[in-house]
Amino acid sequence: MVETGANIAAFGARRPSLLARTVWPLINNRRLSQRVRKRLRRSVGEAFAGPYDISVAGIAFRVYPLDNYCDRTLISRHRFPEPDEHRMLEAWLPQGGVFVDIGANVGTYTLFAAQKLGPGGRVIAFEPHPVTYAKLRFNIEANGADSVTALNCGCGLAAETMTLWSDGGNNIGSATLVRAASSNPKVATEIRLDRLPDMLAAHGIARVDALKIDVEGFEDEALLPLFDDAYEHLWPTAVLIEVAHRTVWRTDIVAHLSERGYRTNDKTGENLLLVRD
């Protein structure tokens, strides 16, 4: 359970024991099948649910490994969940630049970007799920990342309220606005959406160097308002976009960006890095 209110301990107060640091790499070993790992989390992992305070790549995180894939990866593998994507993105994060993170989760990309951009940079991080947002805010504060503005909302075609679906536990970071994209849509949470260009303008953003988006099948609707010709000055130089749920998009946003001068610069199994010519 996420610590809240007066129960929040300062970073460093929740150091993992030697046993916890031993158990999580064992039960989250990728040589085991997903089914076995899930069974081990239920039978063994519940005794080591955390939270735990750790540091990865010089960034502080309070992790809850039982209910978030990112947190499990941080404590069990001592690295970011998507190391190749971080490497791809790094070249597009100049000192003093601007980064936008849509679907920030617990802040692995947000805090990585803040680190690379330096104190003169700006990061705008969108995370709509209230529980995940609380974790994100804690991690931002634990790192003293004053350049980061975290927003407890999502991005969409209009300012409205929508239902976010999650499994309620095992990986709350995979919550989605597209029910068909969820393998286990057990818990519904009402969240607020705003148009991306409106939110950037409200926070004084006049340009964007790089943008990352991972919103489990809602990437098209989150990005479309930004790529209206009226907002060309805000179009990012680089866009890292998850395409794992491309089949549920209503608009092929990759093709839409291609028509606006973007090309594939690099890719992994689930993500494309698009760069504007």
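Strands here are DSSP runs of E at least two residues long, numbered from the N terminus. With that in hand, let's work through this predicted model together.

**Exercise 1. Work out the strand order of the seven-stranded sheet and find its edges.**

Solution. 
- Step 1: Walk across the sheet. The order reads β5-β4-β3-β9-β10-β12-β11; the sheet is open and its pairing is mixed.
- Step 2: Pick out the strands that pair on one side only: these edge strands are β5 (148-151) and β11 (262-267).
- Step 3: Strand β4 (residues 122-126) runs parallel to β5 and is joined to it by four bridges. Here A125 stands opposite A150 of β5.
- Step 4: Helix α6 (residues 130-142) lies across β4 and β5, at about 165° to β5.
- Step 5: On average, and ignoring direction, neighbouring strands are turned by 15° against each other.

**Exercise 2. Characterise R276 in strand β12.**

Solution. 
- Step 1: Strand β12 covers residues 271-276, and R276 is placed in it.
- Step 2: Its relative accessibility is 26%, so R276 counts as partly exposed.
- Step 3: Beyond four places in sequence, the contacts of R276 are E232, W235, P236, T237, R260, G261 and Y262.
- Step 4: Take W235 from that list. R276 and W235 lie 41 residues apart in sequence, with 8.7 Å between their C-alpha atoms.

**Exercise 3. Decide why helix α3 is described as largely enclosed.**

Solution. 
- Step 1: Count the buried residues. Helix α3 (residues 69-77) has nine residues and eight of them are buried, so the rest of the structure largely encloses this helix.
- Step 2: Name them: C70, D71, R72, T73, L74, I75, S76 and R77.
- Step 3: Find their packing partners, which are the helices α1 (18-27), α2 (34-43), α5 and α6, together with the strands β1 (52-56) and β2 (59-63).

**Exercise 4. Describe how α4 and α5 meet.**

Solution. 
- Step 1: The axes of α4 (residues 83-90) and α5 (residues 108-117) come within 11 Å and cross at roughly 35°. The crossing is right-handed.
- Step 2: From α4, the contact residues are E85, H86, L89 and E90; α5 supplies T108, Y109, F112 and K116.
- Step 3: Sorted by class, the contact has three nonpolar, two polar and three charged residues.

**Exercise 5. Which residues have the most contacts inside the largest nonpolar core?**

Solution. 
- Step 1: This core has 39 residues, and I102, F126, L196 and I241 have the most contacts inside it.
- Step 2: Another core, of 38 residues, lies apart from the largest one; its members include Y52, F99, Y109 and A125.

How values were computed
Residues numbered from 1 in each chain as written. Predicted model: local features only at pLDDT ≥ 70, side-chain atom pairs only at ≥ 80, totals over all residues. Heavy atoms only, no water. Axes fitted to C-alpha atoms, helices over the stretch in contact; angles between N-to-C directions. Left-handed = near helix turned anticlockwise from the far one by under 90°. Contact = heavy atoms within 4.5 Å. Nonpolar A, V, L, I, M, F, W, Y, C, P; charged D, E, K, R; others polar. Core = buried A, V, L, I, M, F, W, Y, C linked by side-chain atoms within 4.5 Å. Buried < 20%, exposed > 50% of the residue type's maximum accessible area, 1.4 Å probe, protein only. Pairing = 2+ DSSP bridges.
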